[in-house]
Amino acid sequence: MYGLCGCCWALRPRYKRLVDNIFPENPEEGLVKVNMEKLTFFALSAPEKLDRIAAYLSERLTRDLHRHRYGYVVIAVEALEQLLSACHCQSINLLVESFLSTLRLLLETERPHLHMLATDAFVKFANIEEDTPSYHRSYDFFVSRFSQMCHCQHQDLETQNKIRVSGIRGLQGVVRKTVDCELHVNIWEPPHMEQIIPALLVNLQHSGFPAEQTEVCFRELLGRAAYGHIANTIRPVLMHLDNHSLWEGRGFAVRCFQIIMYSIQSQHSHLVVQQLLGHLDANSRSSASIRAGIMEVLSEAAVIGAAGSIGPTVLEVFNTLLRQLRQSVDYELTGFYDNAGKHKTSSVEERTLQDAVIRTIGSFAHTLPIYQRSEVMLFIMGKIPVPGIYPDLGAPNAGFEGSRMIQVMLLKSLLQVSCHCESANLLTALPCSFLEPLLCFTLMDDPEIRLLVLSILTSLIDRRHNRDTLQTSVEIDISVLELREEHCSRQDILFMRKNAPSLYRHVFLAFKEESNGRDHYHALFILLAVVLLELANEEVVVDLIRLVFALQELAMSNQEGLSVFNRCGIQAVCAAFLSLLCQLGPPPNLKTYITQVVESCRTKAPYLLPEFVFSDSPGLPEGELEVETCCLFDQSGISEALTGSSYGAHSDRLNSPYIPQLSDEDRLSRRKSVGDVISLQMDLNPETRQVSLQKPQTEQITFETLKNAIEDAGGAEEEQKRRREVTERFQTAPFEEIAALCGSKRLLQSGLQHVFELIIRPPPSPSGPSAPKSTPVYDIQYPDLCVY
């Protein structure tokens, strides 16, 4: 009976007859549209027949494919597509299995046009929204086949591009079909991502149409990635860049991660950063070019991810970067980037990496809020090796040179962080725990370190970005400066009252360095100018003028044995600073006086002005520096010019000379002479100490008691004379005499002990025997009912 039906066309099932009617006698005529409408109507009327219709269409397609009748193959695929588009019902799953098996068959052939035909059909199917999901459908074959098409190496370039684009569109269709349905195969699993991601990256490397289509697909894939999928997506990218040595070129790696950072959700940015940091640690024994490439990508990723976050472990990020910086210094010193000593590296390569690390630190700092930047600066400061204050870092065999290099690298990193720190409150931006160690570096022997520290201080104080417009000159155009219009804030006043003495002292001592060059004096001038522009009030201005007079005396007296260039440089900075000061608001008399002195210098001593001293070929005087009085700024002249203004109330302070005092931090910062190490304020005369210590213990504690325990009373002239004697003694006396004088410091401790005993033990009563020793306050036991 079945054989008879097969021979007699009229006795065949209706669905087969309807299917046969859609095929014309000549395949070039295409699908018979009228008969296709009849088949579609029948399928919608009897959805239970869909599986049979699809199976029969697939059977005809297979037969025509084996007979190389490709025209009928195209018609069969088109018919399946129209049936899929029309049958939006629960029975569509009956049609899909036959449809997908047909596409597999086409993709397994060696005909490129059939591959593209199957891909187009799959993309149309992927755009159809199904009402019910499928529990058993698999797309593993399509992922693998479309990925292979992306790697096509056809001889004809045009055909190759078409096949690659088809493969990319196929992968895009797989992602669209599977990503939103939890019951489908998980496309984000590593086996699938390890096929999809390299296929996309291979086409992204080349310019042209495939790269454009690839970027669209890549962005769509990343945009659909959830929190748990980021790691599986980024890992194949890192592996591809490693396997094809694409870190060294940097261009493609940076572009690739720019696409990633712009495509993923902003709250997931820190996951990408963590993956890059982990990959950087894994490549710590790789060549410098690879590490520099990863670092460059990290820097770009941090800038793009600023809108999101870089995660809660901020210090861990910076710790990783600083560790890479330290390792690079070790590699530069040893000449090898592995422990076995087989792989050589050069200083140029490692310096390139170090610059990349420093830029990356700055990029990360730019993404942080202000309070976290302060924490990062404190964290970096704690990593800087300083003998006697902080432990040494680096390799055990690095030695002094390794510590110095790490100091320079970390200070450069600190400068990158400070460039992005714009805090309205300097008390928060420059806490004492950070400012005091930083100021200590202004006294280091290394000129490069001192210059970096001056730049860091200027960056932190310069909130209006006047640094770039300030030039070392007596003719400064203040119209280009961003001047403060309001009065100095209360926080700034508190900051200066708390830190100004230490800041002025270190600035003064920084001027005394013999290794100072033109850049150092320029940096010192800009620092003083920024303090004037940002933090100045009447009190600060007067203190700055006092500091300038002390610097002028330092340059003219030559007690420190400075060179002629150093002395002229100090005087040039003083002239430039006072010229800027007189234009910012003090009375006109001050401007007139300073202009007069500057003109005298221009005529009689041009080597005292910055435009002459800091030129490429400065004309310095030969022999001893001799300067006429009219070319120097006179304290009485400036005091007279300020009389009658708001600065007149500070005339007493202006007339008292500025004398810096050394602190313990200064002594530990560097190796100085013995006279500089001992504080100039300490009186070492043992005879006067004995007078204050021979008083009976019945003496009451008064202001004089405390004063005598620390220093002797005396006039200002005697104090200055005593300081000069102490300085000369420590510069000329033999070592035994200096050691004996230093032993007198114990008398100060005895004096303080005497005061403490008076506090704890009261004097004896005159009417009888002394009372028993009183109980200290901290040992008194109060009743339970005693409420305060």
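Begin by selecting Glu401, Arg404, Lys412, Asp446 and Glu448, which a network of salt bridges links together; a salt bridge here is a side-chain nitrogen of Lys or Arg within 4 Å of a carboxyl oxygen of Asp or Glu. The model is a predicted one, in which local features need pLDDT of at least 70 and side-chain atom pairs count only at pLDDT 80 or more, while totals for chains, interfaces and linings use all residues. Residues are numbered from 1 along each chain as its sequence is written, and side-chain values use heavy atoms, with hydrogens and water left out.

The structure holds 28 salt bridges.

Now select Arg291 and Glu350, which form a salt bridge whose closest N and O atoms are 3.0 Å apart. Arg291 belongs to helix 15 (residues 288–304) and Glu350 to helix 17 (residues 347–366), so the pair ties together parts 59 residues apart in sequence. Both Arg291 and Glu350 are buried (buried means under 20% relative accessible area, exposed over 50%, partly exposed in between, with a 1.4 Å probe and protein chains only).

Move on to Asp543 and Arg653, another salt bridge, with the closest N and O atoms 2.2 Å apart. This pair links distant parts of the chain, since Asp543 sits in helix 25 (residues 538–557) and Arg653 in helix 30 (residues 651–655), 110 residues apart. Asp543 is buried at 11% relative accessible area, whereas Arg653, at 28% relative accessibility, counts as partly exposed.

Methods. Helices (H or I, at least four residues) and strands (E, at least two) are DSSP runs, numbered from the N terminus.
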